[in-house]
Number of protein chains: 2
Amino acid sequence: MKCVFTFEPLEQLKIDLVASFPAVQFCFYENVTLAEQEMKSAEVIVTYGEDLVDEHIYQAEKLKWIMVTSAGLERMPLKAIKEKNILVTNARGIHKIPMAEFTLGIILSHAKGFQRLWENQKEAVWDKQTPLTEIHEQSLLIVGAGAIGQEIARLAKPFGMKIIGVNSRGNAIDHFDEMYTLETIHSILGSVDYIVSILPSTEETIHFYQPSDFESMKQSAVFINIGRGDVVQEEVLMTALNNQEISHAYLDVFEVEPLPKSHPFWKMSNVTVTPHISSTTMNYLPRALEIFRKNLHTYMNNDHEFINVIDPERGY
Amino acid sequence: MKCVFTFEPLEQLKIDLVASFPAVQFCFYENVTLAEQEMKSAEVIVTYGEDLVDEHIYQAEKLKWIMVTSAGLERMPLKAIKEKNILVTNARGIHKIPMAEFTLGIILSHAKGFQRLWENQKEAVWDKQTPLTEIHEQSLLIVGAGAIGQEIARLAKPFGMKIIGVNSRGNAIDHFDEMYTLETIHSILGSVDYIVSILPSTEETIHFYQPSDFESMKQSAVFINIGRGDVVQEEVLMTALNNQEISHAYLDVFEVEPLPKSHPFWKMSNVTVTPHISSTTMNYLPRALEIFRKNLHTYMNNDHEFINVIDPERGY
């Protein structure tokens with residue numbers, strides 16, 4: 001049985017896989033173009049999920065299963081996959097630890113004014129007058145109270161934050177003090193200190209945040225987007241920031257990525273740009289391959305209890 | 001009864017005090033020099049704790065109580081105070097929230113490489129290759145497991161960190177996985193990822209950390225000092241950093257403060273300097289004055305149950 005990777009894991013991860021599955025012929029390639037030579041005979045393809053196109057699916061005559069080592073399936077050729085009835089699994093669930101740590105790090109850095117303190121160091125300026133705040137008793141609105149949002153809530157709660165969540169049903173969840181839905185969220189936006197958006201990109205969420213939402217926010221409010229860039233039109237966000245309707249935006253995701261060099265966000269003093277990196281961690285691939293290994297055991301045993309199966313119709 | 005402040009709280013705090021204690025004549029001054037005119041008749045002095053000298057104590061004929069709105073008593077004229085048998089109380093206990101938040105912020109900023117990411121923004125560089133780490137399953141050694149250390153442990157534990165503490169008896173404490181004493185700590189220094197020093201400055205702790213301690217640490221170790229600067233000789237720390245025996249030092253306290261402009265720490269890429277600011281928060285004075293108010297009620301009622309009474313002999 002042939003398993004083709006369209007990327008190269010670290011040496012030790014490859015050695016472990018090969019040793020664990022002697023019946024599998026692993027072929028590791030640096031990219032999808034190099035991998036194409038083996039597509040025809042591949043029964044399993046392992047990909048980060050941004051390189052496969054329809055043609056690969058049609059060429060891969062023996063293909064039965066695609067393991068996507070990320071969570072977003074937006075760039076996968078799902079129509080062809082559905083047509084050929086190929087199993088797709090992903091790495092859903094491994095993002096919550098790094099993304100929640102990243103979010104708490106951003107919130108604390110903002111409260112403690114680290115960017116200003118670090119600029120002061122460059123000039124050897126000892127300035128004790130910098131106004132530091134606390135997150136204790138501040139409110140945190142988590143828009144998207146799924147696995148990642150719940151992990152953020154779990155970590156933020158012990159700091160004494162008031163945690164407000166948004167999910168589709170508005171039902172109560174552990175670590176959250178109040179819940180809203182996407183329909184009722186607008187009423188709460190004006191009273192929170194930190195807003196973290198983890199919304200995915202769907203028909204319902206595209207350009208979700210309206211100019212009136214930012215107008216209603218506290219002037220001291222902080223908007224953090226680690227979900228998808230297109231939930232807010234960049235023009236809308238830019239206007240809100242230029243009018244100082246909110247205090248700062250921490251943006252890890254954008255309508256176009258990489259964010260173009262000429263984009264105003266890079267230069268705005270009340271915007272912090274990070275390169276869609278919140279889920280990045282040295283532990284990422286080991287964890288994703290742990291899911292793959294479990295599924296590969298299932299596959300080799302002809303069992304059917306796969307973890308993280310994707311419905312190609314819905315895309316998640 | 002006259003109560004003299006050697007600093008000016010915000011207007012609202014002054015109004016609240018005056019309204020709450022009609023029998024007290026409050027005199028607020030911007031600094032101790034201006035306050036001197038009222039010292040002679042002051043029964044109570046409220047100070048940040050770095051301005052009073054022996055002479056003030058001898059001049060203040062009616063003085064019965066000094067409220068120090070900080071925790072460190074090193075600069076107080078304790079000998080004269082003891083001689084005249086004056087009650088001293090401080091603001092012990094209000095530092096734990098801001099200092100624990102500050103520490104978690106530093107740890108997360110380090111793990112997520114925020115300094116590097118923010119430098120990248122200045123050059124409009126979208127670099128996803130930055131190696132981000134996690135604090136999940138990393139170990140944290142808290143040297144000084146008092147109120148502040150325990151608060152850091154409480155907040156760090158939910159992140160999945162292994163928490164190791166150091167206190168005088170080495171006894172078990174909530175949120176800590178292991179405990180050591182100042183005598184046994186040296187054996188554990190080589191196996192931890194983050195070291196937070198909250199040691200006060202005492203005869204026992206001065207120049208506590210030895211060159212061999214840093215030599216034994218992991219090359220990836222991070223040393224954070226939010227206690228007192230003189231627990232490590234700066235030469236020793238500098239050598240360790242120059243030899244890359246550890247990865248980074250976050251220093252909020254120094255042997256001489258403010259840190260002199262010419263000090264090499266300012267320019268070292270593996271040192272982050274902050275201006276003894278970890279306990280700073282907009283909530284600081286309101287909380288300190290909350291303690292003062294409770295004690296002032298006690299004082300006015302001729303009760304004796306004061307909060308945070310200092311023994312001038314021991315200095316804490």
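# Close-up views of a predicted two-chain model

View 1. Lys82(B) belongs to helix α4 of chain B, which covers residues 78-83. The model is predicted. Lys82(B) is partly exposed, with a relative accessible area of 43%. Its partner in a salt bridge is Glu313(B), and the closest N and O atoms are 2.6 Å apart. Because Glu313(B) lies in the segment after α10 of chain B and Lys82(B) in helix α4, the pair ties together parts that are 231 residues apart in sequence. From C-alpha to C-alpha, Lys82(B) and Glu313(B) are 7.2 Å apart in space. Glu313(B) has a relative accessible area of 55%, so this residue counts as exposed, the cut-off being over 50%.

View 2. Glu178(B) and Lys162(B) meet through their side chains in a salt bridge, at 3.0 Å from N to O. Glu178(B) sits in strand β8 (residues 178-180) and Lys162(B) in strand β7 (residues 162-166), so the pair ties together parts of chain B that are 16 residues apart in sequence. Glu178(B) is partly exposed at a relative accessible area of 26%. Lys162(B) is also partly exposed, at 38%.

**View 3. A salt-bridge network with residues from chains A and B.** Glu119(A), Lys122(A), Glu119(B) and Lys122(B) are joined into one network by salt bridges that share partners. Over all chains, the count of salt bridges comes to 34.

**View 4. The salt bridge of Arg314(A) with Asp311(A).** In this pair the closest N and O atoms are 3.5 Å apart, where the limit for a salt bridge is 4 Å. Arg314(A) counts as exposed, at 51% relative accessibility. Asp311(A) is partly exposed, with a relative accessible area of 30%.

**View 5. A patch of negative charge on the surface of chain A.** The patch gathers Glu36(A), Asp54(A), Glu55(A) and Glu83(A). One of these residues, Glu83(A), has its place in helix α4 (residues 78-83) of chain A. The relative accessible area of Glu83(A) is 54%, so Glu83(A) is exposed. A residue needs over 30% relative accessible area and no salt bridge to be part of a patch.

**View 6. Aromatic pairs in chain B.** Over all chains, a search of the whole structure finds 35 aromatic pairs. In one of them, Trp65(B) and Phe306(B) have ring centres 5.7 Å apart and planes at 55°, so the pair is tilted. Trp65(B) lies in strand β4 (residues 65-68) and Phe306(B) in the segment after α10 (284-300), so the pair ties together parts of chain B that are 241 residues apart in sequence. Both Trp65(B) and Phe306(B) are buried. Phe214(B) and Phe223(B) form an edge-to-face pair, with 5.5 Å from centre to centre and 75° between the planes. Phe214(B) is buried at a relative accessible area of 0%, and Phe223(B) is buried with a value of 0%.

**View 7. An aromatic cluster in chain A.** One cluster is formed by Phe5(A), Phe7(A), Phe26(A), Phe28(A), Tyr48(A), Trp65(A), Phe292(A), Tyr299(A) and Phe306(A). For the chain as a whole, buried residues make up 57% of the 316 residues of chain A. The secondary structure of chain A comes to 10 helices and 12 strands. The C-alpha trace of chain A spans about 65 × 50 × 40 Å along its principal axes.

View 8. In chain A, the peptide bond from Glu257(A) to Pro258(A) is cis, with omega near -10°. Pro258(A) is found in the loop between β11 (248-251) and β12 (271-273) of chain A. In chain B, the peptide bond from Glu257(B) to Pro258(B) is cis, with omega near -5°. The loop between β11 (248-251) and β12 (271-273) of chain B holds Pro258(B).

View 9. His207(A), a residue other than glycine, has a positive phi near 50°. The loop that holds His207(A) runs between β9 (194-197) and α8 (211-216) of chain A. At 29% relative accessibility, His207(A) is partly exposed. Asn302(B), likewise a residue other than glycine, has a positive phi near 55°. Asn302(B) is placed in the segment after α10 of chain B. With a relative accessible area of 64%, Asn302(B) is exposed.

Technical notes: Residues are numbered from 1 along each chain as its sequence is written. Chains are lettered from A and ligands numbered from 1 in the order in which they are written. This is a predicted model: local features need pLDDT of at least 70, side-chain atom pairs count only at pLDDT 80 or more; totals for chains, interfaces and linings use all residues. Side-chain values use heavy atoms; hydrogens and water are left out. Patches are made of residues with over 30% relative accessible area and no salt bridge: like charges are joined within 9 Å, nonpolar side chains (Val, Leu, Ile, Met, Phe, Trp, Tyr) within 5 Å. Accessible areas come from the Shrake-Rupley method with a 1.4 Å probe; for residues, only the protein chains shown count as cover. Lys and Arg count as positive and Asp and Glu as negative; His and the chain ends are not counted. The place of a charge is taken as NZ of Lys, CZ of Arg, CG of Asp or CD of Glu. Helices (H or I, at least four residues) and strands (E, at least two) are DSSP runs, numbered from the N terminus. Buried means under 20% relative accessible area, exposed over 50%, partly exposed in between (1.4 Å probe, protein chains only). Rings of Phe, Tyr and Trp (its six-membered ring) pair if their centres lie within 6.5 Å; planes under 30 degrees apart count as stacked, over 60 as edge-to-face and the rest as tilted.
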